[in-house]
Amino acid sequence: MGTHGWPLLPLLLSLLLCRAGPLRPGAAGLGAPAGGGRAHSPPPPGPQQEGASGPMDTKLLTSPCGHQEVRPLILGGWESVPGRWPWQALVMAKNGLFCGGSLLSRHWVLSAAHCFEKVPEVSKWTVQLGELSLKSPSWSWRAHSHKYRVKKIIVNPKARGVLNDIALVRLASSVTYNKHIQPICILSSTAMFQHRPDCWVTGWGWIQENQKLLPPYHLQEVRVTILNNSRCNELFSMPIGRSLISNDMICAGAEDGSVDTCNGDSGGPLVCEEKGRWYQVGVVSWGMGCGHARRPGVYTNVSSFFPWIQLLMSCTAPRPGLFLPLVFLALPWVSWLLCPS
Ligand code: 4AZ
């Protein structure tokens with residue numbers, strides 16, 4: 001084996017650690033919700049026990065997620081109500097550029113890679129959580145307290161244009177959850193949501209092609225149908241004649257174009273409910289215009305990037321005591337090989 005063999009050891013250790021890190025004692029792995037896919041943070045609903053046994057992120061893959069504590073009395077319409085989408089994030093640059101995002105844990109927000117193309121500098125970005133308005137008044141202490149500085153932006157290394165359009169944003173401080181700020185669940189497979197007509201997408205993007213959102217810049221929500229990829233490719237292939245939708249993408253909207261996302265919605269979450277829990281299926285990515293018939297919105301398929309997300313979130317999480325001796329031995333190699341510096 002000689003010198004060529006040694007990198008295998010840290011790789012194996014890293015797999016062991018990255019899988020072992022976030023598990024609760026007694027948990028057999030990432031829980032499996034009925035329906036097939038494996039969930040990120042899927043324990044039974046219940047009171048949060050964060051901080052009970054060490055730093056907050058220890059439980060990043062096991063803390064409750066996907067719960068809407070606020071349920072509106074009247075559903076429908078386009079303006080959301082406070083707390084209905086508690087994972088919704090606003091990812092803002094100092095120059096006024098903004099994107100949507102979704103809260104995955106106390107330190108991590110998911111968004112689209114292309115959002116960071118024009119402004120890659122971390123110091124220029126902030127993340128707002130728990131607010132319904134795109135532009136909260138500058139004197140609002142509450143809005144100010146819900147703004148987080150960004151420590152790191154990790155664009156998927158394979159991101160190019162609309163391909164692999166996904167990024168993780170590491171927040172500089174830990175998020176305090178409340179009924180308006182909660183994480184969303186993610187799954188390693190979202191096949192169970194194919195054809196679902198009752199998924200939702202949210203954002204502060206344009207409300208029509210060439211029509212910006214107007215004051216009070218209220219978060220918008222729209223109910224969409226998940227289309228399967230072969231149908232979506234069929235729709236897009238006319239008159240283009242070639243497949244545009246890869247397996248890492250997922251289409252949603254309506255074939256008649258009556259519901260869609262638009263400019264400024266990028267990075268935001270496409271979510272579906274299953275047995276009282278909400279799962280993020282897609283990240284708003286691209287489309288051909290907005291609201292055109294036979295041109296549904298195209299989303300990054302979150303489950304395709306589940307291992308990448310899991311790895312990055314695990315890398316920065318403190319490891320449990322049981323593995324401590326191993327961690328001390330292997331962590332420098334593991335970090336060097338797999339985790340962003
Ligand atoms: C955008 O530029 C954008 N109709 C997002 C979604 C769609 C088009 C554009 C889909 O943020």
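1. A word on the model. This is a predicted model, in which local features need pLDDT of at least 70 and side-chain atom pairs count only at pLDDT 80 or more, while totals for chains, interfaces and linings use all residues. Residues are numbered from 1 along each chain as its sequence is written, and side-chain values use heavy atoms, leaving out hydrogens and water.

2. The barrel. Six strands, in the order β2-β3-β4-β7-β6-β5, close into a barrel with antiparallel pairing. On average, neighbouring strands of this sheet are turned by 40 degrees against each other, direction ignored. Here strands (E, at least two residues) and helices (H or I, at least four) are DSSP runs, numbered from the N terminus, and two strands pair if DSSP finds at least two bridges between them. Strand β6 (residues 147-155) joins β7 (residues 167-171) through five bridges in the antiparallel sense.

3. The helix on the sheet. Helix α5 (residues 306-315) packs on this sheet and touches β4 (108-111), β6 and β7; contact means heavy atoms within 4.5 Å. The direction of α5 makes about 20 degrees with that of β7, where axes are lines fitted to C-alpha atoms, for helices over the stretch in contact, and angles run from 0 to 180 degrees between N-to-C directions. Because eight of its 10 residues are buried, α5 is largely enclosed by the rest of the structure. Among the buried residues are Phe306, Trp308 and Met313. Buried means under 20% relative accessible area, exposed over 50%, and partly exposed in between (1.4 Å probe, protein chains only).

4. The ligand site. Residues around the ligand include Asp260, Gly264, Trp286 and Gly289, counted when a heavy atom lies within 4 Å of the ligand. A polar side-chain atom of Asp260 is 2.8 Å from a ligand nitrogen atom. Backbone N or O atoms take part too: one of Gly289 lies 2.9 Å from a nitrogen atom of the ligand, and one of Gly264 lies 3.3 Å from an oxygen atom. On its own the ligand has 300 Å² of accessible area, and the protein covers 86% of that (Shrake-Rupley method, 1.4 Å probe).

5. Strand β10 and its partners. Six of the eight residues of β10 (residues 220-227) are buried. Strand β9 (residues 199-203) pairs with β10 antiparallel over five bridges, with Gly203 bridged to Gln220. Strand β11 (residues 249-253) also runs antiparallel to β10, joined by three bridges, and Leu227 stands opposite Cys251 in β11.

How values were computed:
Polar contact = N/O pair within 3.5 Å; in protein donor to acceptor, adjacent residues only side chain to side chain.
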